[in-house]
Amino acid sequence: MTHAKLNVNVRTLIGNDARKLRRSGLIPAVIYGKTLDENINIEIPYNQFVKLYSQVGRTSVVEIIAGDEKKAIPTLVQSVSLNPVTDLVAHVDFLAVNLKQKTIAHVPLEFINESPMVKSDGAVVSFTINEIEVEAFPDKLPDKIQVNLEALDNMDAVIHISDLATSTDFEIINDAEEVVASLTVAKEEVEEEVAEVVVEGEGEGETVEPKTEE
């Protein structure tokens, strides 16, 4: 299988000094994992990583050649940290993997179609999770798993992990009973119901006048 490739420089600036990298258009990153003797600190041109990540996500193998190393390191993007103010990529963790051993990765869920209750009853779909944990050989990890919202065909319907499509290529780690999506009543309808209760209750009961001292 053909993998994405990434040539990077070994990083010497660490800790607070990593800010200098970001100012020069580089992203500080690290490669770690059981297949390595020690972690490898690297730096990646910002635009290069953004383009790569849009193509591979967190479930496709990326072969990294760091510095003067001749041998490529097969990795997965383990996590991407964003600057809370600018929302730009601030740091990346790569997990070194053995292509002949299974690994666990976070796979995004893709919600397709629409619940018929949204149009007919004005219901709102409530999403509990947007990714799941999957175990597979690195080259067999799915890039996404689809969730068909048409299954939510009544207000009591719930989509669980056990309802997701399975494959011999991977195993879903999440609890089978974990809820993925369900239906709730639209907020406007709830507010209308509360308003009706208040109106119906007006004028009921006795009014107690405050006592005054003579």
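The structure is a predicted model, in which local features need pLDDT of at least 70, side-chain atom pairs count only at pLDDT 80 or more, and totals for chains, interfaces and linings use all residues. Residues are numbered from 1 along each chain as its sequence is written, and side-chain values use heavy atoms, with hydrogens and water left out.

The protein chain contains four helices and 13 strands. Both are DSSP runs numbered from the N terminus: helices are H or I with at least four residues, strands are E with at least two. Of the 214 residues, 32% count as buried. The chain exposes about 14,100 Å². Carbon and sulfur atoms supply 48% of that area. Accessible areas come from the Shrake-Rupley method with a 1.4 Å probe; for residues, only the protein chains shown count as cover. Contacts (heavy atoms within 4.5 Å) were also counted by separation along the chain. Among those with a separation of 6 or more, residues 24 or more positions apart account for 63%.

Four salt bridges were counted. The criterion is a side-chain nitrogen of Lys or Arg within 4 Å of a carboxyl oxygen of Asp or Glu. In one of them, E110 pairs with K144, with the closest N and O atoms 3.4 Å apart. This pair links distant parts of the chain. E110 lies in strand β7, K144 in the loop between β9 and β10 (145-148), and the two are 34 residues apart. K144 has 38% relative accessibility and therefore counts as partly exposed.

R58 and E131 also form a salt bridge, at 3.7 Å from N to O. Again, distant parts of the chain are linked, here across 73 residues. R58 sits in the loop between α2 (46-56) and β4 (62-66). E131 belongs to strand β9 (residues 131-136). R58 is partly exposed, at 24% relative accessibility. E131 is partly exposed as well, with a relative accessible area of 29%.

K119 and E114 meet in a further salt bridge, at 4.0 Å from N to O. K119 is exposed, with a relative accessible area of 71%. E114, at 40%, counts as partly exposed.

A positive surface patch is made up of R19, K20, R22 and R23. Patch residues have over 30% relative accessible area and no salt bridge; like charges are joined within 9 Å, and nonpolar side chains (Val, Leu, Ile, Met, Phe, Trp, Tyr) within 5 Å. Lys and Arg count as positive and Asp and Glu as negative, while His and the chain ends are not counted. Each charge is placed at NZ of Lys, CZ of Arg, CG of Asp or CD of Glu. K20 lies in helix α1 (residues 18-23). Its relative accessibility is 47%, so K20 counts as partly exposed.

Backbone angles pick out two loop residues. D87 has a positive phi of about 65°, although it is not a glycine. D87 occupies the loop between β5 (73-82) and β6 (89-96). With a relative accessible area of 53%, D87 is exposed. N113, also not a glycine, has a positive phi of about 60°. N113 is placed in the loop between β7 (103-112) and α3 (116-120). The relative accessible area of N113 is 46%, which means partly exposed.

Key: Buried < 20%, exposed > 50% of the residue type's maximum accessible area, 1.4 Å probe, protein only.
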